[in-house]
Each structure stands twice: as C-alpha cells, then as structure tokens.
Amino acid sequence: MSLGPAPSKIAVMIRPLGMLAVMALAIGGCDEAPPAPAPAAADRASVAEAPLAPLPDVVRVRLDTEAGPILLALDNKRAPVTTANFVRYAEQKRFDGTFFYRAARTRGADGRGFVQGGIRHSARRSLPPIAHEPSTVTGLKHSDGTVSMARAAPVGAMGDFFIIVGGPMPSMDAKPGSPGFAAFGRVTEGMDVVRDILAAPTVANAGRGPMRGQMIEKPVRIVSVRRVE
C-alpha cells in the first residue's frame, strides 16, 4: 500500500487521508492495462485462505527489478498476518510485472522519503484485505530500509507496499488517534537500488491528492518476487 514533504508535513499529509482513504499513499489509479473484472468473492476468499506451509520467524524474499535486486527480511514472528499476505502475493506471482510507481521525496532533505510499489489496486491481482498490525502491537518502527504496507483504510492492506529511505519516520508509526502503517520487515541488501528509485524523475502534474507530483515518469518494473532460502 507511502511523505514526500518534510517529516513534520508527513504527518500532516497522512492525517487528512485519515479514515477516509488513509493512503492514496497506497493505491491511486489502476494498472497500466485496464484491470480485468475482480474474481468472485468466494473465489478470492478460497485463494487467500489456501494454507501456507509454516513460515520461519524470518522470511527472506528477493525482489528482482529493472533497476537491480532488493532483498528483504520479513518479520513473521512479530507481524505474521502481514508477512503471510506478502508471501501469498509472491508465491502466486501477483507482484510479477507490477511496478515501483511512486517516489515520495522529503522536501529539503536529500535522499529521504519512500518509494511505493505493488499491484496499484488492480482488481485482477488483488487478494482480500488483511487485518492491520500496528507498530504498537508489533514493535516494528519505520526506520531506514523498513518495508511497510500501504492501505486505503485503517484495515485494508492488500498488495501495495512502500520502503522507507533515510528514516526514521515516526509519523508512520501507530500512536493515539492514528493507526499508522504496518511495518513488517526491512531491506537487507539493495538499498542502493531503492535510493535510485527514490531519485527517479517524477511527473509534476501526475497523481492525485498527496501523490501529486510523486508519480515516477518511467515506473520501475518489478520482474519477480520470490522467497529465498
């Protein structure tokens, strides 16, 4: 499921979305091709509930992108719902051929912000929304290299995610009156690739609301996402 402004403005940007659409950060728009009709609810539920093999406390994942590989360590011990969701998307190849499409740069702070990628709310790629795992429960904070879920409601993350660059960003963490976002892992290799994506040219008048001006001119294709042993 995203910020661009300086840290004090990050919180300001998130709050107006609040319970209305907490994260255009997360989803704006649809796939490059018109999405196919969403699967029937029963079909989607049966796919999402197909049991995964037991996951280890730390799940290692490799994202191969046009810009280079990014390796993640997902914290299944502290964020099991969010980790299992990400693994389902990876194992069902729902991330393959998607993009990093947003570069939200913090004004006045070079190399700070976040990049956002994933299914971009594509109906044909989506699994049912998952329960929210806030930082107040998991203890996982939004620091440099943290991977977290974008979402369109307090409960509702699906297949869009973002990676923090140059954190910490406490405005992303849960706090009284704000559910924050569900951090669930970190980048272990490839932050140079993430920083390159953050620095990619964006289109000044593209995007809506807080995403305006943050849409990458040439989105970076995610070739594949796979677990690694």
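A residue is called buried if its relative accessible area is under 20%, exposed if over 50%, and partly exposed in between (1.4 Å probe, protein chains only). The structure described here is a predicted model, in which local features need pLDDT of at least 70 and side-chain atom pairs count only at pLDDT 80 or more, whereas totals for chains, interfaces and linings use all residues. Residues are numbered from 1 along each chain as its sequence is written, and side-chain values use heavy atoms, with hydrogens and water left out.

The predictor's confidence in each residue is given by pLDDT, from 0 to 100. For the protein chain the mean pLDDT is 81, and 77% of the residues reach 70 or more. Over residues 1-48, however, pLDDT stays under 50. Where pLDDT is low, the predicted coordinates should not be read in detail.

Helices (H or I, at least four residues) and strands (E, at least two) are DSSP runs numbered from the N terminus, and two strands pair if DSSP finds at least two bridges between them. Eight strands form a closed barrel with antiparallel pairing, in the order β1-β2-β7-β5-β6-β4-β3-β8. From one strand to the next, the twist averages 35°; axes are lines fitted to C-alpha atoms, for helices over the stretch in contact, and angles run from 0 to 180 degrees between N-to-C directions. Strands β1 (residues 58-65) and β8 (residues 215-228) run antiparallel and are joined by 6 bridges. Leu63 stands opposite Val225 in β8.

Two helices that pack on the sheet are considered next. Helix α3 (residues 80-91) touches strands including β1, β2 and β8, and its direction makes about 145° with that of β2. Helix α5 (residues 191-198) also packs on the sheet, at about 100° to the direction of β6. The buried residues of α5 are Met191, Val193, Val194, Ile197 and Leu198. Seen down the axis of α5, these residues fall within an arc of 155°, so they line one face of the helix; the arc is that of the directions from the helix axis to the C-beta atoms.

Glu133 is found in the loop between β4 and α4 (135-138). With a relative accessibility of 9%, Glu133 counts as buried. Beyond its neighbours within four places in sequence, Glu133 has contacts (heavy atoms within 4.5 Å) with residues including Arg78, Pro80 and Ala182. The side chains of Glu133 and Thr82 are joined by a polar contact of 2.6 Å. A polar contact is a pair of N or O atoms within 3.5 Å; within protein, one must be able to donate a hydrogen and the other to accept it, and residues adjacent in sequence count only if both atoms are side-chain atoms. A polar atom of the Glu133 side chain also lies 3.1 Å from the backbone nitrogen of Val81.
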